[in-house]
Amino acid sequence: MAVRAVETTELELVDLESTSLRELNQRVHDLATAPGPRAWRILNPNGAHALACGLDAEVEVEIDGHVGYYCAGMNKRATVRVHGNASTGIAENMMSGLVVVDGNVSQSAGATGRGGLLVVRGNASSRCGISMKGIDIVVGGSVGHMSAFMAQRGALVVCGDAGDALGDSIYEARVYVRGQVAGLGADCVEKEMRDEHVEQVGGLLAAARIDADPADFRRYGSARQLYNFTIDNAGSY
Amino acid sequence: MCGIVGLFAKSPEVEERLGEHLAAMLVQMSSRGPDSAGVAVYRDPAPGGWSKLTLYSADRAEGWAALAADLRHAFGGCEEPSVRASHAVLVVDADAAEADAWVRRHRPDLRVMSAGQVIEIYKETGLPLAFARAFSLEDFTGTHALGHTRMATESRVTTEGSHPFSTGFDLCLVHNGSLSNHNRLRESLRREGIEFQTENDTEVAAGYLAWRLRERASLEEALEGCLEDLDGFYTFAVGTADGFAVLRDPIACKPAVLAETDDWVAMSSEWRSIAVLPGAADARSWEPEPGVVYAWDKAAVGA
(Lines give C-alpha, C1' and ligand atoms only; values in the text may rest on other atoms or scores of the structure.)
Protein backbone atom coordinates (compact mmCIF):
# COMPACT_ATOMS: atom_id res chain seq x y z
CA MET A 1 0.00 0.00 0.00
CA ALA A 2 1.38 3.43 -0.93
CA VAL A 3 1.15 6.42 1.37
CA ARG A 4 -1.56 8.75 0.21
CA ALA A 5 -0.39 12.09 -1.08
CA VAL A 6 -3.13 14.12 0.59
CA GLU A 7 -4.41 14.46 4.11
CA THR A 8 -7.79 12.99 4.71
CA THR A 9 -10.20 12.96 7.60
CA GLU A 10 -11.60 9.63 6.47
CA LEU A 11 -11.06 6.66 8.73
CA GLU A 12 -8.16 4.51 7.57
CA LEU A 13 -9.04 0.93 8.43
CA VAL A 14 -6.16 -1.56 8.81
CA ASP A 15 -6.82 -5.22 9.58
CA LEU A 16 -3.77 -6.97 11.02
CA GLU A 17 -5.16 -10.29 9.79
CA SER A 18 -4.36 -9.12 6.27
CA THR A 19 -1.72 -6.38 6.77
CA SER A 20 1.66 -7.06 8.38
CA LEU A 21 2.59 -5.24 11.58
CA ARG A 22 5.72 -3.90 9.90
CA GLU A 23 3.74 -2.47 7.02
CA LEU A 24 1.30 -0.76 9.37
CA ASN A 25 4.07 0.71 11.54
CA GLN A 26 5.93 1.96 8.46
CA ARG A 27 2.78 3.67 7.21
CA VAL A 28 2.16 5.46 10.51
CA HIS A 29 5.85 6.40 10.85
CA ASP A 30 5.69 7.99 7.42
CA LEU A 31 3.06 10.40 8.74
CA ALA A 32 5.90 12.29 10.48
CA THR A 33 7.25 13.46 7.15
CA ALA A 34 4.44 13.08 4.61
CA PRO A 35 0.73 13.85 4.76
CA GLY A 36 -1.69 10.99 5.16
CA PRO A 37 -4.83 9.89 6.95
CA ARG A 38 -5.42 11.56 10.31
CA ALA A 39 -7.69 8.90 11.77
CA TRP A 40 -6.78 5.21 11.91
CA ARG A 41 -8.58 2.17 13.18
CA ILE A 42 -6.62 -1.07 13.70
CA LEU A 43 -8.45 -4.40 13.80
CA ASN A 44 -7.29 -7.78 15.13
CA PRO A 45 -4.16 -6.74 17.06
CA ASN A 46 -4.22 -10.15 18.82
CA GLY A 47 -1.50 -9.16 21.28
CA ALA A 48 1.01 -8.03 18.64
CA HIS A 49 4.11 -6.27 19.99
CA ALA A 50 5.32 -2.73 19.23
CA LEU A 51 2.02 -1.68 17.70
CA ALA A 52 1.74 2.03 16.76
CA CYS A 53 5.23 2.70 18.11
CA GLY A 54 7.27 5.79 17.36
CA LEU A 55 4.42 7.94 16.05
CA ASP A 56 5.28 11.61 15.45
CA ALA A 57 2.17 13.26 14.00
CA GLU A 58 -1.11 14.73 15.15
CA VAL A 59 -3.16 11.68 14.28
CA GLU A 60 -5.61 9.50 16.15
CA VAL A 61 -5.10 5.73 16.17
CA GLU A 62 -7.76 3.48 17.65
CA ILE A 63 -6.98 -0.18 18.25
CA ASP A 64 -9.81 -2.69 18.66
CA GLY A 65 -8.56 -5.50 20.90
CA HIS A 66 -5.66 -6.45 23.19
CA VAL A 67 -2.13 -5.33 22.37
CA GLY A 68 1.28 -6.81 23.25
CA TYR A 69 4.51 -5.21 24.47
CA TYR A 70 5.47 -1.55 24.03
CA CYS A 71 2.33 -0.35 22.28
CA ALA A 72 2.52 3.41 21.53
CA GLY A 73 6.11 3.46 22.74
CA MET A 74 8.03 6.72 22.16
CA ASN A 75 4.75 8.37 21.15
CA LYS A 76 4.97 12.01 20.07
CA ARG A 77 1.85 14.19 19.49
CA ALA A 78 -0.43 11.31 18.46
CA THR A 79 -3.50 10.01 20.30
CA VAL A 80 -3.57 6.22 20.63
CA ARG A 81 -6.65 4.52 22.10
CA VAL A 82 -6.59 0.83 22.96
CA HIS A 83 -10.04 -0.73 23.27
CA GLY A 84 -8.75 -3.70 25.21
CA ASN A 85 -5.84 -4.62 27.51
CA ALA A 86 -2.17 -3.81 26.98
CA SER A 87 0.86 -5.88 27.89
CA THR A 88 4.24 -4.74 29.23
CA GLY A 89 5.46 -1.20 28.56
CA ILE A 90 2.44 0.62 27.15
CA ALA A 91 3.46 4.20 26.15
CA GLU A 92 7.02 3.47 27.22
CA ASN A 93 9.18 6.58 26.83
CA MET A 94 6.26 8.66 25.54
CA MET A 95 7.35 12.21 24.63
CA SER A 96 3.95 13.90 24.17
CA GLY A 97 0.40 13.15 23.09
CA LEU A 98 -2.27 10.97 24.66
CA VAL A 99 -2.54 7.21 25.17
CA VAL A 100 -5.77 5.75 26.58
CA VAL A 101 -6.30 2.09 27.47
CA ASP A 102 -9.86 1.00 28.22
CA GLY A 103 -8.83 -2.23 29.96
CA ASN A 104 -5.94 -3.29 32.19
CA VAL A 105 -2.24 -2.88 31.53
CA SER A 106 0.70 -5.07 32.49
CA GLN A 107 4.06 -4.11 33.96
CA SER A 108 6.01 -0.90 33.46
CA ALA A 109 3.23 1.23 31.99
CA GLY A 110 4.54 4.65 30.95
CA ALA A 111 8.11 3.67 31.89
CA THR A 112 10.66 6.49 31.43
CA GLY A 113 8.00 8.68 29.76
CA ARG A 114 9.02 12.29 29.24
CA GLY A 115 5.69 13.94 28.48
CA GLY A 116 2.10 13.51 27.43
CA LEU A 117 -0.71 11.76 29.27
CA LEU A 118 -1.28 8.03 29.73
CA VAL A 119 -4.76 7.02 30.92
CA VAL A 120 -5.52 3.48 32.08
CA ARG A 121 -9.19 2.93 32.83
CA GLY A 122 -8.64 -0.47 34.44
CA ASN A 123 -5.76 -1.61 36.66
CA ALA A 124 -2.03 -1.33 36.06
CA SER A 125 0.36 -4.06 37.13
CA SER A 126 3.72 -3.63 38.87
CA ARG A 127 6.25 -0.86 38.15
CA CYS A 128 3.69 1.56 36.72
CA GLY A 129 5.52 4.81 35.96
CA ILE A 130 8.95 3.37 36.69
CA SER A 131 11.58 6.05 36.08
CA MET A 132 8.96 8.46 34.70
CA LYS A 133 10.56 11.73 33.61
CA GLY A 134 7.68 14.12 32.97
CA ILE A 135 4.81 11.98 31.72
CA ASP A 136 1.49 12.17 33.61
CA ILE A 137 -0.28 8.89 34.29
CA VAL A 138 -3.87 8.47 35.50
CA VAL A 139 -5.02 4.99 36.51
CA GLY A 140 -8.73 4.44 37.08
CA GLY A 141 -8.10 1.26 39.09
CA SER A 142 -5.14 0.12 41.18
CA VAL A 143 -1.40 -0.17 40.55
CA GLY A 144 0.93 -3.06 41.48
CA HIS A 145 4.12 -3.15 43.50
CA MET A 146 7.10 -0.85 42.91
CA SER A 147 5.10 1.73 41.02
CA ALA A 148 6.81 5.12 40.50
CA PHE A 149 10.16 3.46 41.24
CA MET A 150 12.86 6.14 40.80
CA ALA A 151 10.23 8.45 39.31
CA GLN A 152 11.83 11.77 38.42
CA ARG A 153 9.15 14.13 37.07
CA GLY A 154 5.43 14.14 36.27
CA ALA A 155 2.45 12.89 38.23
CA LEU A 156 1.02 9.43 38.84
CA VAL A 157 -2.65 9.55 39.87
CA VAL A 158 -4.10 6.28 41.19
CA CYS A 159 -7.86 6.17 41.80
CA GLY A 160 -7.70 2.75 43.45
CA ASP A 161 -4.99 1.21 45.67
CA ALA A 162 -1.21 1.02 45.32
CA GLY A 163 0.90 -2.11 45.88
CA ASP A 164 3.99 -2.47 48.01
CA ALA A 165 7.09 -0.25 47.79
CA LEU A 166 5.33 2.70 46.18
CA GLY A 167 7.70 5.44 45.05
CA ASP A 168 10.90 3.67 46.04
CA SER A 169 13.89 6.03 45.56
CA ILE A 170 11.60 8.63 44.05
CA TYR A 171 12.98 12.00 42.92
CA GLU A 172 10.67 14.92 42.08
CA ALA A 173 7.62 13.13 40.63
CA ARG A 174 4.32 13.43 42.49
CA VAL A 175 2.21 10.43 43.37
CA TYR A 176 -1.48 10.75 44.29
CA VAL A 177 -3.45 7.77 45.59
CA ARG A 178 -7.13 7.70 46.53
CA GLY A 179 -7.23 4.23 48.11
CA GLN A 180 -4.90 2.18 50.29
CA VAL A 181 -1.13 2.08 49.92
CA ALA A 182 0.26 -1.37 50.80
CA GLY A 183 3.64 0.15 51.66
CA LEU A 184 5.98 2.99 50.78
CA GLY A 185 9.41 2.38 49.24
CA ALA A 186 12.71 3.79 50.47
CA ASP A 187 12.64 7.57 50.94
CA CYS A 188 9.00 7.91 49.88
CA VAL A 189 6.73 9.72 52.36
CA GLU A 190 3.23 11.09 52.53
CA LYS A 191 3.10 14.83 52.01
CA GLU A 192 0.61 17.60 52.60
CA MET A 193 -2.11 17.92 49.94
CA ARG A 194 -2.13 21.68 49.29
CA ASP A 195 -4.48 23.62 46.99
CA GLU A 196 -2.05 23.43 44.08
CA HIS A 197 -2.05 19.62 44.38
CA VAL A 198 -5.84 19.34 44.51
CA GLU A 199 -5.88 21.54 41.42
CA GLN A 200 -3.32 19.35 39.65
CA VAL A 201 -5.24 16.15 40.40
CA GLY A 202 -8.51 17.80 39.30
CA GLY A 203 -6.96 18.84 36.01
CA LEU A 204 -5.52 15.38 35.32
CA LEU A 205 -8.80 13.61 36.21
CA ALA A 206 -10.66 15.97 33.87
CA ALA A 207 -8.16 15.33 31.07
CA ALA A 208 -8.50 11.59 31.69
CA ARG A 209 -12.31 11.90 31.81
CA ILE A 210 -12.43 10.02 35.09
CA ASP A 211 -15.06 11.07 37.60
CA ALA A 212 -13.47 11.32 41.05
CA ASP A 213 -13.16 14.00 43.73
CA PRO A 214 -9.58 15.34 43.79
CA ALA A 215 -9.94 16.13 47.49
CA ASP A 216 -10.10 12.37 48.22
CA PHE A 217 -6.50 11.84 47.14
CA ARG A 218 -3.37 11.75 49.30
CA ARG A 219 0.02 12.87 48.05
CA TYR A 220 3.32 10.98 48.26
CA GLY A 221 6.79 12.10 47.27
CA SER A 222 10.47 12.12 48.10
CA ALA A 223 11.72 12.77 51.65
CA ARG A 224 15.00 13.74 49.96
CA GLN A 225 17.01 11.79 52.52
CA LEU A 226 18.82 9.34 50.27
CA TYR A 227 22.56 9.67 49.70
CA ASN A 228 22.31 11.68 46.51
CA PHE A 229 20.13 14.34 48.16
CA THR A 230 22.79 15.27 50.72
CA ILE A 231 24.87 18.28 49.67
CA ASP A 232 27.93 16.80 51.37
CA ASN A 233 27.90 14.11 48.70
CA ALA A 234 27.62 16.53 45.77
CA GLY A 235 31.31 16.08 44.96
CA SER A 236 30.78 12.36 44.40
CA TYR A 237 28.81 12.97 41.22
CA MET B 1 13.39 -15.83 27.81
CA CYS B 2 11.03 -18.74 27.29
CA GLY B 3 7.36 -19.15 26.52
CA ILE B 4 4.92 -21.22 28.52
CA VAL B 5 1.33 -22.10 27.76
CA GLY B 6 -1.40 -24.09 29.47
CA LEU B 7 -4.89 -25.08 28.40
CA PHE B 8 -7.59 -26.71 30.49
CA ALA B 9 -10.72 -27.90 28.69
CA LYS B 10 -14.10 -27.21 30.29
CA SER B 11 -16.13 -28.53 27.36
CA PRO B 12 -16.06 -31.75 25.28
CA GLU B 13 -15.47 -29.63 22.14
CA VAL B 14 -12.22 -28.26 23.54
CA GLU B 15 -11.16 -31.72 24.79
CA GLU B 16 -11.71 -33.03 21.27
CA ARG B 17 -9.46 -30.34 19.76
CA LEU B 18 -7.00 -29.92 22.63
CA GLY B 19 -3.92 -30.73 20.54
CA GLU B 20 -4.91 -28.36 17.75
CA HIS B 21 -5.35 -25.48 20.22
CA LEU B 22 -2.15 -26.41 22.06
CA ALA B 23 -0.14 -26.43 18.82
CA ALA B 24 -1.50 -23.00 17.85
CA MET B 25 -0.64 -21.58 21.28
CA LEU B 26 2.87 -23.07 21.18
CA VAL B 27 3.67 -21.71 17.72
CA GLN B 28 2.70 -18.19 18.90
CA MET B 29 5.50 -18.47 21.49
CA SER B 30 8.21 -19.25 18.90
CA SER B 31 9.91 -15.87 19.28
CA ARG B 32 10.20 -16.42 23.04
CA GLY B 33 11.74 -19.86 22.62
CA PRO B 34 13.12 -21.04 19.28
CA ASP B 35 15.61 -23.57 20.73
CA SER B 36 13.29 -26.38 21.73
CA ALA B 37 9.68 -27.14 22.50
CA GLY B 38 7.70 -29.61 24.54
CA VAL B 39 4.26 -30.50 25.83
CA ALA B 40 2.62 -32.49 28.59
CA VAL B 41 -0.79 -33.79 27.55
CA TYR B 42 -3.24 -35.39 29.96
CA ARG B 43 -5.30 -37.94 28.03
CA ASP B 44 -6.49 -41.52 27.63
CA PRO B 45 -6.17 -42.87 31.20
CA ALA B 46 -4.46 -46.24 31.51
CA PRO B 47 -6.83 -49.04 32.61
CA GLY B 48 -7.12 -49.71 36.37
CA GLY B 49 -3.95 -51.31 37.71
CA TRP B 50 -2.04 -50.37 34.54
CA SER B 51 0.20 -47.36 33.98
CA LYS B 52 1.54 -45.29 31.14
CA LEU B 53 5.16 -44.43 30.33
CA THR B 54 6.40 -41.90 27.78
CA LEU B 55 9.91 -42.90 26.73
CA TYR B 56 12.52 -41.15 24.63
CA SER B 57 15.23 -42.82 22.60
CA ALA B 58 18.12 -41.02 20.93
CA ASP B 59 18.16 -43.91 18.46
CA ARG B 60 15.69 -43.14 15.67
CA ALA B 61 15.59 -46.86 14.80
CA GLU B 62 14.61 -47.82 18.36
CA GLY B 63 12.82 -51.19 18.45
CA TRP B 64 9.81 -50.13 20.49
CA ALA B 65 7.92 -53.33 19.68
CA ALA B 66 10.73 -55.40 21.17
CA LEU B 67 10.66 -53.25 24.30
CA ALA B 68 6.89 -53.80 24.55
CA ALA B 69 7.51 -57.56 24.29
CA ASP B 70 10.07 -57.35 27.11
CA LEU B 71 7.59 -55.41 29.27
CA ARG B 72 4.89 -57.94 28.47
CA HIS B 73 7.25 -60.70 29.53
CA ALA B 74 8.13 -58.87 32.77
CA PHE B 75 4.64 -57.76 33.80
CA GLY B 76 2.23 -59.94 31.86
CA GLY B 77 0.74 -57.08 29.84
CA CYS B 78 1.85 -54.19 27.61
CA GLU B 79 -0.15 -52.61 24.81
CA GLU B 80 1.36 -51.99 21.39
CA PRO B 81 3.57 -48.90 21.61
CA SER B 82 2.23 -45.60 20.29
CA VAL B 83 5.21 -43.99 18.57
CA ARG B 84 5.56 -40.26 17.82
CA ALA B 85 8.93 -39.22 16.37
CA SER B 86 11.63 -39.94 19.00
CA HIS B 87 9.09 -40.81 21.71
CA ALA B 88 6.81 -43.77 22.43
CA VAL B 89 3.99 -44.30 24.90
CA LEU B 90 3.75 -47.73 26.49
CA VAL B 91 0.79 -48.80 28.59
CA VAL B 92 1.93 -51.49 31.02
CA ASP B 93 0.14 -53.89 33.40
CA ALA B 94 2.06 -52.63 36.41
CA ASP B 95 1.91 -49.61 38.67
CA ALA B 96 3.84 -46.56 37.51
CA ALA B 97 6.62 -46.99 40.09
CA GLU B 98 7.32 -50.59 39.03
CA ALA B 99 7.21 -49.86 35.31
CA ASP B 100 9.38 -46.76 35.72
CA ALA B 101 11.94 -48.66 37.83
CA TRP B 102 12.04 -51.55 35.34
CA VAL B 103 12.89 -49.25 32.42
CA ARG B 104 15.53 -47.35 34.39
CA ARG B 105 17.17 -50.65 35.42
CA HIS B 106 16.95 -52.61 32.16
CA ARG B 107 17.11 -49.81 29.61
CA PRO B 108 19.32 -47.02 31.05
CA ASP B 109 19.87 -45.80 27.47
CA LEU B 110 16.22 -44.67 27.35
CA ARG B 111 14.81 -41.62 29.13
CA VAL B 112 11.56 -41.86 31.04
CA MET B 113 9.91 -38.55 30.09
CA SER B 114 6.81 -39.22 32.17
CA ALA B 115 5.09 -41.94 34.15
CA GLY B 116 1.60 -42.14 35.57
CA GLN B 117 -1.98 -42.91 34.63
CA VAL B 118 -2.77 -40.04 32.25
CA ILE B 119 0.31 -37.89 31.53
CA GLU B 120 2.31 -37.98 28.29
CA ILE B 121 5.37 -35.74 27.87
CA TYR B 122 6.99 -35.03 24.51
CA LYS B 123 9.88 -32.64 23.96
CA GLU B 124 12.55 -32.07 21.38
CA THR B 125 15.05 -29.49 20.15
CA GLY B 126 14.08 -27.24 17.25
CA LEU B 127 11.42 -24.70 16.40
CA PRO B 128 7.95 -25.09 17.93
CA LEU B 129 6.32 -25.46 14.51
CA ALA B 130 8.69 -28.27 13.53
CA PHE B 131 8.02 -29.93 16.89
CA ALA B 132 4.24 -29.63 16.48
CA ARG B 133 4.46 -31.24 13.05
CA ALA B 134 6.93 -33.99 13.98
CA PHE B 135 4.79 -35.07 16.93
CA SER B 136 1.41 -34.55 15.19
CA LEU B 137 0.21 -32.39 18.08
CA GLU B 138 -3.02 -31.60 16.24
CA ASP B 139 -4.18 -35.20 16.68
CA PHE B 140 -4.23 -35.05 20.46
CA THR B 141 -7.44 -35.12 22.39
CA GLY B 142 -7.22 -34.65 26.15
CA THR B 143 -8.45 -32.87 29.24
CA HIS B 144 -5.58 -30.42 29.72
CA ALA B 145 -2.05 -29.72 28.57
CA LEU B 146 1.00 -27.58 29.22
CA GLY B 147 3.56 -26.46 26.68
CA HIS B 148 6.94 -24.76 26.64
CA THR B 149 9.18 -23.05 24.11
CA ARG B 150 12.78 -22.69 25.25
CA MET B 151 15.41 -20.02 24.78
CA ALA B 152 18.28 -21.62 26.69
CA THR B 153 20.27 -19.39 29.05
CA GLU B 154 22.05 -21.58 31.58
CA SER B 155 22.48 -25.06 30.15
CA ARG B 156 22.80 -26.87 26.85
CA VAL B 157 20.09 -27.17 24.21
CA THR B 158 19.27 -30.88 24.38
CA THR B 159 16.13 -33.00 24.37
CA GLU B 160 16.68 -33.77 28.06
CA GLY B 161 17.14 -30.07 28.88
CA SER B 162 13.83 -29.17 27.23
CA HIS B 163 10.64 -28.74 29.20
CA PRO B 164 8.24 -30.03 30.58
CA PHE B 165 10.07 -31.82 33.39
CA SER B 166 8.39 -34.68 35.20
CA THR B 167 8.05 -34.00 38.92
CA GLY B 168 6.50 -37.33 39.86
CA PHE B 169 3.75 -39.58 38.59
CA ASP B 170 1.28 -37.57 36.48
CA LEU B 171 3.07 -34.36 37.48
CA CYS B 172 5.13 -31.97 35.41
CA LEU B 173 6.65 -28.51 35.47
CA VAL B 174 7.30 -25.83 32.84
CA HIS B 175 9.32 -22.75 33.72
CA ASN B 176 10.05 -19.31 32.33
CA GLY B 177 12.95 -17.70 34.14
CA SER B 178 16.23 -18.73 35.73
CA LEU B 179 17.20 -19.96 39.17
CA SER B 180 20.41 -18.89 40.87
CA ASN B 181 20.66 -21.38 43.76
CA HIS B 182 20.09 -24.54 41.72
CA ASN B 183 23.57 -26.03 42.15
CA ARG B 184 23.46 -26.09 45.93
CA LEU B 185 19.81 -27.14 45.98
CA ARG B 186 20.53 -29.99 43.54
CA GLU B 187 23.15 -31.36 45.94
CA SER B 188 20.83 -31.25 48.94
CA LEU B 189 18.01 -32.87 46.93
CA ARG B 190 20.42 -35.64 45.79
CA ARG B 191 21.01 -36.39 49.46
CA GLU B 192 17.23 -36.83 49.76
CA GLY B 193 17.37 -39.41 46.98
CA ILE B 194 16.07 -37.23 44.12
CA GLU B 195 17.75 -38.12 40.82
CA PHE B 196 18.85 -35.58 38.18
CA GLN B 197 19.66 -36.19 34.53
CA THR B 198 20.94 -32.74 33.50
CA GLU B 199 22.61 -29.56 34.79
CA ASN B 200 19.38 -27.68 34.09
CA ASP B 201 17.96 -25.29 36.72
CA THR B 202 14.34 -26.16 36.00
CA GLU B 203 15.03 -29.83 36.62
CA VAL B 204 16.08 -28.77 40.14
CA ALA B 205 12.77 -26.95 40.65
CA ALA B 206 11.00 -30.09 39.38
CA GLY B 207 13.08 -32.20 41.78
CA TYR B 208 12.26 -29.83 44.62
CA LEU B 209 8.51 -30.18 43.96
CA ALA B 210 8.86 -33.98 43.63
CA TRP B 211 10.64 -34.06 47.00
CA ARG B 212 8.07 -31.88 48.76
CA LEU B 213 5.21 -33.92 47.30
CA ARG B 214 6.95 -37.16 48.32
CA GLU B 215 7.13 -35.72 51.85
CA ARG B 216 3.33 -35.40 51.70
CA ALA B 217 3.06 -31.66 51.06
CA SER B 218 -0.01 -30.65 49.07
CA LEU B 219 0.69 -29.19 45.62
CA GLU B 220 -0.17 -25.77 47.00
CA GLU B 221 2.20 -26.20 49.96
CA ALA B 222 4.96 -27.44 47.66
CA LEU B 223 4.55 -24.41 45.40
CA GLU B 224 4.45 -22.02 48.34
CA GLY B 225 7.70 -23.65 49.51
CA CYS B 226 9.28 -22.44 46.24
CA LEU B 227 8.78 -18.85 47.42
CA GLU B 228 11.08 -19.61 50.37
CA ASP B 229 13.57 -22.06 48.94
CA LEU B 230 14.12 -21.03 45.32
CA ASP B 231 16.21 -17.98 44.49
CA GLY B 232 15.65 -16.53 41.05
CA PHE B 233 13.09 -15.53 38.49
CA TYR B 234 10.22 -17.75 37.59
CA THR B 235 6.77 -18.19 36.27
CA PHE B 236 5.91 -21.85 36.85
CA ALA B 237 3.05 -23.89 35.48
CA VAL B 238 2.56 -27.28 37.10
CA GLY B 239 0.41 -30.02 35.58
CA THR B 240 -1.41 -32.60 37.69
CA ALA B 241 -3.69 -35.51 36.80
CA ASP B 242 -6.70 -33.25 37.38
CA GLY B 243 -5.58 -29.78 36.32
CA PHE B 244 -2.80 -27.24 36.54
CA ALA B 245 -1.41 -24.53 38.82
CA VAL B 246 0.48 -21.30 38.14
CA LEU B 247 2.96 -19.43 40.36
CA ARG B 248 5.07 -16.32 39.74
CA ASP B 249 8.08 -15.29 41.83
CA PRO B 250 7.43 -12.66 44.52
CA ILE B 251 8.55 -9.74 42.37
CA ALA B 252 6.98 -11.05 39.16
CA CYS B 253 10.02 -10.80 36.91
CA LYS B 254 8.50 -13.02 34.24
CA PRO B 255 5.24 -12.43 32.43
CA ALA B 256 2.01 -14.40 32.67
CA VAL B 257 -1.56 -13.89 31.61
CA LEU B 258 -4.59 -15.99 32.50
CA ALA B 259 -7.92 -16.15 30.71
CA GLU B 260 -11.13 -18.06 31.17
CA THR B 261 -14.33 -18.69 29.21
CA ASP B 262 -17.15 -21.21 29.70
CA ASP B 263 -15.16 -23.60 27.50
CA TRP B 264 -11.57 -23.31 28.73
CA VAL B 265 -9.01 -21.88 31.12
CA ALA B 266 -5.73 -20.80 29.55
CA MET B 267 -2.42 -19.43 30.75
CA SER B 268 0.42 -18.08 28.69
CA SER B 269 3.48 -15.88 28.82
CA GLU B 270 1.70 -13.54 26.41
CA TRP B 271 -1.76 -12.77 25.13
CA ARG B 272 -0.73 -13.75 21.59
CA SER B 273 -1.10 -17.44 22.51
CA ILE B 274 -4.52 -16.95 24.04
CA ALA B 275 -5.78 -14.84 21.12
CA VAL B 276 -5.76 -17.97 18.91
CA LEU B 277 -8.34 -19.76 21.10
CA PRO B 278 -12.06 -19.76 20.20
CA GLY B 279 -13.93 -17.00 22.01
CA ALA B 280 -10.73 -15.35 23.28
CA ALA B 281 -11.96 -11.84 22.52
CA ASP B 282 -14.74 -12.26 25.08
CA ALA B 283 -12.69 -14.15 27.67
CA ARG B 284 -12.21 -12.85 31.18
CA SER B 285 -8.46 -12.22 31.37
CA TRP B 286 -6.13 -11.04 34.10
CA GLU B 287 -2.50 -11.00 35.17
CA PRO B 288 -1.71 -13.36 38.06
CA GLU B 289 -0.42 -11.65 41.21
CA PRO B 290 3.18 -12.32 42.24
CA GLY B 291 3.68 -15.02 44.86
CA VAL B 292 0.11 -16.31 44.63
CA VAL B 293 -0.76 -19.89 43.63
CA TYR B 294 -3.57 -20.18 41.07
CA ALA B 295 -4.98 -23.66 40.48
CA TRP B 296 -7.67 -25.30 38.39
CA ASP B 297 -8.89 -28.84 38.52
CA LYS B 298 -11.96 -30.79 37.49
CA ALA B 299 -13.60 -30.31 40.88
CA ALA B 300 -13.03 -26.54 40.85
CA VAL B 301 -14.55 -25.87 37.44
CA GLY B 302 -17.20 -28.58 37.57
CA ALA B 303 -16.01 -29.99 34.23
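Predicted model: local features only at pLDDT ≥ 70, side-chain atom pairs only at ≥ 80, totals over all residues.

Visitor: How many salt bridges does the rule find across the interface of chain A and chain B?

Guide: The rule finds zero salt bridges there.

Visitor: How is the size of an interface expressed?

Guide: It is often given as the accessible area lost when the parts come together. Here, chain A and chain B bury about 990 Å² between them, and carbon and sulfur atoms give 43% of that area. The contact involves 13 residues of chain A and 14 residues of chain B.

Visitor: Let us turn to the sheet. How do strands of a sheet pair?

Guide: They pair through backbone hydrogen bonds, in either a parallel or an antiparallel manner. In chain B, four strands form an open sheet in the order β4-β5-β3-β6, with antiparallel pairing. The edge strands of chain B are β4 (82-84) and β6 (111-116), each of which pairs on one side only. From one strand to the next, the twist averages 20 degrees.

Visitor: How many bridges join strand β3 of chain B to β6(B)?

Guide: Five bridges join β3 (residues 51-56) of chain B to β6(B), and the two run antiparallel. Among the residues concerned, T54(B) has S114(B) of β6(B) as its bridge partner.

Visitor: Which strands does helix α3 of chain B lie across?

Guide: Helix α3 (residues 64-75) lies across β3, β4 and β5 (87-92) of chain B, and runs at about 20 degrees to β5(B).

Methods:
Residues numbered from 1 in each chain as written. Chains lettered and ligands numbered in written order. Heavy atoms only, no water. Pairing = 2+ DSSP bridges. Axes fitted to C-alpha atoms, helices over the stretch in contact; angles between N-to-C directions. Contact = heavy atoms within 4.5 Å. Buried area = accessible area lost by both parts, 1.4 Å probe. Salt bridge = Lys/Arg side-chain N within 4 Å of Asp/Glu carboxyl O.
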